[in-house]
Structure formats: structure tokens, C-alpha cells
Amino acid sequence: MNKWQIFTRGLVKENAVLILMIGLCPALATSGTVRDGFGMGLAATFVLLFSNIIISIMRKRIPHEVRIPIFILIISTFVTIIDYFMQAYQPDLYRALGVFVPLIVVNCMILGRAEAYASKNSVINSALDGLGVGLGFTLTLTVIGAIREMLGSGTLLGVAVFGEAFKQSPVIFMILPPGAFLVIGVLKALINKYVK
Amino acid sequence: MTSPRQMVVTLLTVAIVCSIILSFVYSFTSPRIIETQKRMTLDGLKQVIEAHEFVEVIPDTLWNAVDSLGNTIGIVFRVFPQGYGGLIPITVGFNLEEKITGIRIASAAEGLKETPGLGVKITEPDFVQQFIGKRGSQISITKDGGEIDAITAATISSRAVCSGIRKGIETYLCYLTPSYDKNLLFPDAEFIEVIKDTLWYAVRDNDTIGIVFTAITQGYIDCITFIVGVNNGATITGVDILSSNETEGYGALIRNREFLDQFRQGTPEAITGATISSQALINAVTDGLTRFKEYLK
């Protein structure tokens with residue numbers, strides 16, 4: 001597999017949310033608007049990229065028996081760093097993502113890549129894998145966020161898209177939890193039909 | 001199979017390195033985090049009342065709004081009434097005329113848990129602006145006899161906002177004390193604070209000529225705060241009401257100049273129709289005089 005394939009694999013073909021069905025909790029909870037979905041995606045990508053790199057560098061030194069606690073330690077360190085940075089420099093985004101930033105720690109997508117890929121492959125490949133999977137996750141959350149925001153709030157990035165009348169009485173349930181399940185389900189169906 | 005020793009050493013090393021990195025990041029982000037939070041709180045306060053500065057009275061709950069000359073122009077307080085989905089964080093600005101200058105309800109991104117599309121509409125200008133210029137007694141939804149139009153299909157949220165603000169006004173009204181020009185009690189004097197916000201010496205030409213004190217008493221509806229000037233002969237030079245919320249036309253008569261001026265000649269008679277309010281004030285002035293007499297020289 002060449003480098004380009006390693007990178008693009010995570011975007012669609014092995015998309016974490018829509019194909020592997022992992023990392024669903026943040027995908028459901030933070031995709032009410034484009035901005036939240038995109039912000040969550042980037043935060044997770046950052047963590048995934050760096051945790052993959054560090055874990056790949058250390059892969060020969062990590063004893064097999066204690067690998068999971070070590071992975072978690074490394075991941076949670078990156079999450080805490082991003083948590084501090086967001087609080088300090090992006091307080092609005094921080095408040096929007098709220099509890100979900102700390103929850104990146106237990107996002108099984110990140111631990112999954114560490115275990116399944118980074119702990120067995122070279123640093124370059126692990127970085128590409130992390131970046132690809134992370135961007136695939138960001139893309140998915142942004143698309144879900146866009147659909148839900150347009151239908152559920154009548155806006156896109158806060159700007160009315162279907163006119164002011166629709167914004168006054170949008171399909172509210174789209175920004176509630178059932179809307180997230182519905183959108184993910186429809187996207188999954190489309191991907192199954194056209195991509196596989 | 002790795003030796004247990006190696007497992008422990010590796011795990012420990014990783015943990016120590018992670019802690020060092022984190023404490024380093026924390027050391028330079030934490031001042032910025034505190035500053036950001038302070039700025040955001042301040043921005044929130046400025047949205048409800050125009051003021052030069054805010055002096056925190058109760059941490060994260062109550063502030064005095066002060067103009068550029070240092071005079072109090074109102075207060076800002078925060079309340080958290082129970083709404084439909086959770087607590088509703090509301091910031092309220094309240095001026096010396098005892099009217100609301102503005103309210104701000106936290107958005108969903110800031111922790112509002114009302115139903116999207118319904119309860120969340122309490123944050124919209126159409127709803128929020130209704131509160132501007134209203135008194136505490138006018139704050140309830142029209143269905144309950146007040147002057148606030150509730151949001152259709154979000155009565156619980158609308159009602160919660162009203163009751164939260166009303167209760168907040170009741171609680172914090174006592175803190176609404178205008179900066180009082182004490183020279184009205186002792187012309188041309190200077191004042192030296194003896195007990196913070198409570199007692200001052202009036203000094204003229206390096207001589208102490210009397211004292212000024214403030215006190216609070218329970219009136220008919222709410223507390224009454226007032227200020228009293230006493231000269232060295234233990235005679236009252238003047239009494240003024242700083243804040244009261246007594247009934248219009250009855251208890252509010254204690255603000256009448258004729259009534260207040262009687263204190264200079266001794267103990268006045270209670271006002272007919274405002275017995276409770278005026279008697280409370282008379283008793284409190286007498287009590288204050290007894291309490292602070294020892295400070296007279």
C-alpha cells in the first residue's frame with residue numbers, strides 16, 4: 001500500500017463513523033451545527049495525529065502487557081493540552097464542545113488506531129493514517145453538522161439558508177438526538193450503496 | 001513476556017514525562033485562561049448595563065456598576081432559575097431608579113439546556129428586550145398578570161425567567177445603594193471612613209464635627225437602607241433614604257422631605273397609612289444613634 005492510499009483510506013473507504021461505526025458518541029453529540037462538528041473533528045484529528053506519531057515512535061519500547069494504559073496516558077495528555085489551549089484561545093468553541101473535549105480520551109477511534117495501526121507501523125505511515133482517519137472524521141462530522149443545522153435551525157454557519165420563514169419554524173427534531181441518528185443512518189445507507 | 005520490572009519502569013517513565021509536559025503547558029495557558037474567563041464575564045456584564053467599571057460584591061453573583069467618576073449607577077446580578085431542561089443562567093442589570101436596564105440569558109453554547117427551537121427562544125431579542133425599563137413588580141408573564149409576553153409553547157421557560165429575575169431583584173435590592181453626597185448632611189466637611197461602608201467621621205478644618213452612618217432595616221415590603229448625620233451634640237443633622245421598595249402612596253411616603261426633616265427636631269410621629277414603614281425607620285434611626293454614639297467626640 002503506498003503512502004497516498006494510507007492517507008486516503010481513512011477519508012471514505014474506512015471512514016471511522018460511517019464504515020467502521022466507531023467514535024459514534026461524539027459524532028452524535030457534537031454535530032448539531034457545522035461549527036461544532038468541524039471543531040470537534042479538528043480537535044480529534046490533532047489528538048489522533050500526535051498520539052499515532054508518539055505511539056509509533058515508542059512502539060518497540062512499549063511492553064505488550066501495559067500498552068493500553070500507556071496509550072491512554074499519551075492520548076489523555078494530548079487531550080488535556082488541547083483542552084487548555086481551547087480554553088485559553090478559543091473560549092467560545094470550548095464552551096460549545098464542553099464536556100466532549102475530555103471525552104476524546106475515550107473515543108475508541110483514537111485508541112483503535114493506536115492499537116490497530118500505530119503500534120505496528122512506521123512513524124510516517126502512522127502519521128498519515130492518523131491524519132487520514134482524523135480528516136475523515138472531521139469531514140463526516142462537518143457534513144452531518146451541515147445537514148442538521150440547515151434542517152434543524154434553518155441556518156448554515158449561523159446564516160439563514162432557506163429564508164427567514166423557515167428559520168422561524170425549522171424541523172426542530174433534526175438538532176435533537178434523533179436527528180443525528182437519522183442523518184448518520186441515511187449517510188451510511190448512501191455510502192453502502194455507492195462506495196462499497 | 002516482559003519482566004514486571006520493565007513494565008513498571010516504562011509505565012512510570014511515560015507517566016512522569018506526561019506530567020512534566022502538562023505542567024509546562026498549564027504554566028503558560030492558565031494565566032490566559034483566567035484572563036479570558038474574566039473578560040467574558042465582563043463582556044456579559046456590559047451587555048446589561050452601561051458602566052465604566054464593575055466592582056464585585058459577591059463573587060460571580062453580584063457587581064456594583066460604577067461610572068467613570070466612581071458613583072454607583074446600579075447593580076448587576078446573576079440568577080439561575082430552574083427552567084424546563086435545566087437551570088437558566090440570567091444576568092440582570094438594575095439601575096438606581098429600580099428599573100431593569102437589560103438582561104442577558106446564556107445561549108445554548110454557554111450552558112442553556114432549554115429545548116432547541118422552543119425554550120431556547122428566551123434568548124432572542126424579542127423576548128429579552130421586553131424586560132428593559134420594567135420594575136420588579138411588572139415582571140411576570142401576561143397569563144399571570146404581568147407585562148411580559150411569554151413565548152408560545154415555551155411557557156415554562158418564560159415563567160422561569162420572570163420568577164428568577166423577580167426573586168433576584170427581591171434578594172439584591174438591598175445592595176442597590178446610590179453613592180450619596182454626604183455633604184448634604186454636613187456641608188463643606190470631609191469624611192473619613194471608620195467602618196467600611198457604614199460609619200464616617202465628618203471633619204471640617206481638622207475638627208471632627210460629627211458622624212455619618214448608614215444602616216438597613218426591614219420595612220413593610222423589603223429592606224430600607226438609610227443614612228444619618230449626627231453632630232457632636234448627638235443631634236441629628238439629617239436623615240435620607242438610600243433605597244426602599246415600599247408601597248407606592250403608602251410606605252413610600254417615608255421618602256417625604258417633611259417627614260425626614262422631623263428627625264432634626266427629635267423623634268417624629270409615624271406616618272398614617274405607612275405606620276409599619278415609618279415606625280421601622282424611626283426605630284432603626286434611634287437604634288443606630290445608640291449604637292454609634294460612642295464614636296462622637
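Start by selecting helix α3 (residues 155-172) of chain B: this helix lies across β2, β3, β4 (90-95) and β5 of chain B, and runs at about 130° to β3(B). Lying across goes by contacts, meaning C-beta atoms, placed from the backbone, within 7 Å. The angle runs from 0 to 180 degrees between N-to-C directions of axes, which are lines fitted to C-alpha atoms, for helices over the stretch in contact. Helices (H or I, at least four residues) and strands (E, at least two) are DSSP runs, numbered from the N terminus.

A quick word on what you're viewing: this is a predicted model, where local features need pLDDT of at least 70 and side-chain atom pairs count only at pLDDT 80 or more, while totals for chains, interfaces and linings use all residues. Residues are numbered from 1 along each chain as its sequence is written, and chains are lettered from A and ligands numbered from 1 in the order in which they are written.

In what order do the five strands of the open sheet in chain B come? The order is β1-β2-β3-β4-β5, with antiparallel pairing (strands pair if DSSP finds at least two bridges between them). At the edges, β1 (53-58) and β5 (100-105) of chain B each pair on one side only.

Zoom in on β2 (residues 62-66) and β3 (residues 72-79) of chain B, antiparallel strands joined by five bridges. Click B:V66 and you'll find its bridge partner in β3(B), B:T72.

Last stop, chain A: select residues 70-87, a span that is 100% helix with its end C-alpha atoms 26 Å apart.

Terms used
Two residues are in contact if their C-beta atoms, placed from the backbone, lie within 7 Å.
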